[in-house]
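Please read the following note with the model open beside it. It is written for a colleague who is new to reading structures.

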Amino acid sequence: MASISILGTGNMGTAIAGIFVDGGATVESIAHSDEPTSFAGDIVVLAVPYTALPEIAEKHRTHLAGKTVVDITNTVDFATFTPVEFAAGSGAANLAAKLPESKVVKAFNTNFAATLATKTVGATTTTVLVAGDDADAKTALTTAIIAGGVHATDAGPLARARELEAVGYLQLSLAATGQIGWTGGLGVIK
């Protein structure tokens, strides 16, 4: 049984927690404002804005060592609604560089909270795309996701986080301009 800590109790953190609880995982939900001193889960989901990641990495590097750290963020400058570029190639790769003793995985950023809560995108079961370099970390995460009633697809190594962040930005752009709904979005049909 998976043991998961989720930092962030907003819409995304709550929807993700619901999936893991439905799959039988032990879930610890922590408000970002609570300033945690440790994380009980073997998997730690960072359900916070990407701008919070550098501070979290600095403050909690030792607490996150050896754990699977899931970056769900979309690297968008919301003041200008433009994507943020990273020398490392993606926000997730940038986070991995700051947490060298953690197994960083990119996931959930191509999903809206509503599609995680309902577990559907239209008539299609929600699929979470997962990218990371550690096979065991990805397996543990995808197993917990699938147990919760949604699909998970291995999108490849952490280098693919760049593309996942681009897809996340595209989906946000489409929703912000009313071309798709916040309760819909992009789906994966197998």
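1. Basis of the note. This is a predicted model, in which local features need pLDDT of at least 70 and side-chain atom pairs count only at pLDDT 80 or more, while totals for chains, interfaces and linings use all residues. Residues are numbered from 1 along each chain as its sequence is written, and side-chain values use heavy atoms, with hydrogens and water left out.

2. The largest core. A nonpolar core is a set of buried Ala, Val, Leu, Ile, Met, Phe, Trp, Tyr and Cys residues joined through side-chain atoms within 4.5 Å. Here, buried means under 20% relative accessible area, exposed means over 50%, and partly exposed lies in between (1.4 Å probe, protein chains only). The largest such core has 26 residues, and those with the most contacts inside it are Phe-20, Val-45, Phe-108, Leu-141 and Ile-145. At least two residues each come from strands S1 (3–7), S3 (43–46), S7 (103–107) and S10 (127–132), and from helices H1 (11–22), H4 (113–118) and H5 (135–147). Helix H1 gives the most, with five residues. These elements are DSSP runs numbered from the N terminus: helices are H or I with at least four residues, strands are E with at least two.

3. Phe-108 and a second core. Contact means heavy atoms within 4.5 Å. Not counting residues up to four places away in sequence, Phe-108 touches Met-12, Ile-16, Phe-20, Val-70, Ile-72, Leu-116, Val-128, Leu-129 and Ile-145. A second, separate core of 19 residues includes Ile-30, Leu-46, Leu-53 and Ala-57. In soluble globular proteins, nonpolar side chains tend to be buried together.

4. Helix H3. Which residues of helix H3 (residues 91–98) are buried? They are Gly-91, Ala-92, Ala-93 and Leu-95. Their cover includes S3, helix H2 (53–64), strand S4 (68–71), S7 and H6.

5. A salt bridge is a side-chain nitrogen of Lys or Arg within 4 Å of a carboxyl oxygen of Asp or Glu. The count by this rule is seven salt bridges. Glu-35 pairs with Lys-59 in one of them, with the closest N and O atoms 2.7 Å apart. This pair links distant parts of the chain, 24 residues apart: Glu-35 is in the loop between strand S2 (26–30) and S3, and Lys-59 is in helix H2. Glu-55 also forms a salt bridge with Lys-59, the closest N and O atoms being 3.0 Å apart. Because they are four residues apart in helix H2, Glu-55 and Lys-59 are separated by about one helical turn. Lys-59 is partly exposed, with a relative accessible area of 39%.

6. A buried salt bridge. Glu-165 forms a salt bridge with Lys-106, with the closest N and O atoms 2.9 Å apart. Glu-165 lies in helix H6 and Lys-106 in strand S7, so the pair ties together parts that are 59 residues apart in sequence. Glu-165 counts as buried at 7% relative accessibility, and Lys-106 counts as buried at 0%.

7. The surface. A nonpolar surface patch of about 220 Å² is made by Val-167, Leu-170 and Leu-186. Patches are made of residues with over 30% relative accessible area and no salt bridge; like charges are joined within 9 Å, and nonpolar side chains (Val, Leu, Ile, Met, Phe, Trp, Tyr) within 5 Å. Accessible areas come from the Shrake-Rupley method with a 1.4 Å probe, and for residues, only the protein chains shown count as cover. Val-167 is found in helix H6 (residues 161–176) and is partly exposed at 33% relative accessibility.
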